[in-house]
Amino acid sequence: MKRGLHMRLYQSVITYLVVLLLGWVESPVAFSQTRTGNAAAGAAATVAPGGGPVAIPAGGSYELIGTYSIERLNRIVGEELDEFMKSSTMPTDFRGRFEPARYAVKLYRVRYRSVIPEQENRPVLASGLVAIPETGKNRMPLVSYQHGTVFDRSDVPSNPDRSMETRLMVSRFAGQGYIVIAADYFGRGYSSVSDDSYLVRDSTRQAGRDLFLNVQDFLTAGGISVSHFFLSGWSQGGWVTMNYLHALESLGLPVTAAAAASAPVDISLIMNRWINNPQPVDAPYLPGVVAIQLGAYEKYLRSSGLIEAAIRPQYVQPVRDLYDGKIDWTEFFKRTTPRLVDMVRPEFALDGFTARSRYWRELDSLQAYRWRIISPLRVYYGGSDEVTPAYIGLLPEQTQKLVGGRFTSSHYAGDRADHRAVFVFSVIDQKRWFDGFLKD
């Protein structure tokens, strides 16, 4: 399918096909009621990107939360980037490698309605960010960004001043003329549920898909159309991006190109590596990552007692408290251990090899690379990544060689590149790569 196909194709087919063929929402009826219910509840009056109040048919609520000036955008890739990279293995390698911003950017916080597929389409209010460059144009490319792991509910795209990864994407892409959208995921940001949907596939995919549909209405109301559609994500967001790409490709819907940085594309394999083969490079926050992942599975997949089955008794309460937001990462670290193998039960670790339990079988089903990828895709990895080992980063390209895929390539950020360095390297590279498609 020709790259760069106009995004209005989505408006005509995505509502029905996503439900019927993919099962992001378990029944077409439930989805139909969700969309109808949003409109029937009264479309929210808001401010269109072109100015003036407008009714959004999907019931979204948009709040203009600020404007990043060109000076502000340039500061993000200057002194703010320096601060972000202080703890990295490559603290100064990216200075001066970002082009100056060309446009100021308006930032909107959006609240929109969605459903939780794992819970019989239970209604949920979700939130996200829409960043629109002040180009004066009525047709622009759009990047859907999927954010990485956060331990605080507020460190999300809809609060860009508390999310450096979001600000970097806004500076790099929106400051150069791309619309940027980013979902907070369920249980984060201004979601109506408190339970984080961390690494819960259907719900994270649903959040991004429904944000996109809502933004389509918002942009159309403001007289803006989308010329090209790109996907991008880092860490957890890289995994979400891959799942999102798979979903769209399953429907035959066009994605211009996609990029995933430090993506844990095989959750089962990477968890086995963390637990059963720990290495000196491993991040000390991996126990926190597993804590919120177990909590999410217990809540969203209704796996009562999962935390007790997986975690040694002395650490069960800190794990629950971190997931429930009763303690922050710093307090969790004080009350637990930086060694993941010391936090989990030995029998839980053994199950990782044998996949006897429901949990490990579910993890194996979460792989996000074992299909024949037809969209242009770049994956990024580094030699010193403390979260996603290099061999995980290579899985998509190597798998495509096996199954005959032709459009996936791996890009190495360097021997010294840790998790953050891979992200920054990818943001620089993918923007230049995406630009090449705009000439089609």
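Trainee: Which residue in E5 stands opposite Ser114?

Mentor: This is a predicted model. Strand E4 covers residues 105-116 and strand E5 covers residues 122-133, and the two pair in the antiparallel sense over 12 bridges. Opposite Ser114 stands a residue of E5, Val124.

Trainee: Which are the edge strands of the sheet?

Mentor: Nine strands form an open sheet with mixed pairing, in the order E3-E4-E5-E7-E6-E8-E9-E10-E11. An edge strand pairs on one side only, and this applies to E3 (61-68) and E11 (408-412).

Trainee: By how many degrees are neighbouring strands of this sheet turned against each other on average?

Mentor: The sheet is open and its pairing is mixed, and the angle ignores direction.

Trainee: At what angle to E4 does helix H5 run?

Mentor: Helix H5 spans residues 201-221. The strands it lies across are E3, E4, E5, E6 (139-146), E7 (179-183) and E8 (225-234). Against E4, helix H5 runs at about 125 degrees.

Trainee: Which helix supplies the largest share of the lining of the largest pocket?

Mentor: The pocket has a volume of about 740 Å³. Of its 34 lining residues, the closest to the centre are Thr149, Val150, Trp234, Tyr285 and Arg420. At least two lining residues each come from H4 (164-172), H7 (267-276), H8 (286-300) and H16 (419-437). The largest share, four residues, comes from H7.

Trainee: How many residues in the lining of the largest pocket are charged?

Mentor: By class, the lining has 17 nonpolar and 10 polar residues. The charged residues number seven.

Note on methods
Residues are numbered from 1 along each chain as its sequence is written. This is a predicted model: local features need pLDDT of at least 70, side-chain atom pairs count only at pLDDT 80 or more; totals for chains, interfaces and linings use all residues. Side-chain values use heavy atoms; hydrogens and water are left out. Two strands pair if DSSP finds at least two bridges between them. Axes are lines fitted to C-alpha atoms, for helices over the stretch in contact, and angles run from 0 to 180 degrees between N-to-C directions. Contact means heavy atoms within 4.5 Å. On a 1 Å grid over the protein atoms alone, a cavity is a set of points where a 1.4 Å probe fits but cannot get out, and a pocket is an open set with protein on both sides within 12 Å along at least five of seven lines; lining residues have an atom within 4 Å of a point. Grid points are joined across faces, edges and corners, and a volume is the space filled by probe spheres set on the points. Ala, Val, Leu, Ile, Met, Phe, Trp, Tyr, Cys and Pro count as nonpolar, Asp, Glu, Lys and Arg as charged, and the others, Gly among them, as polar.
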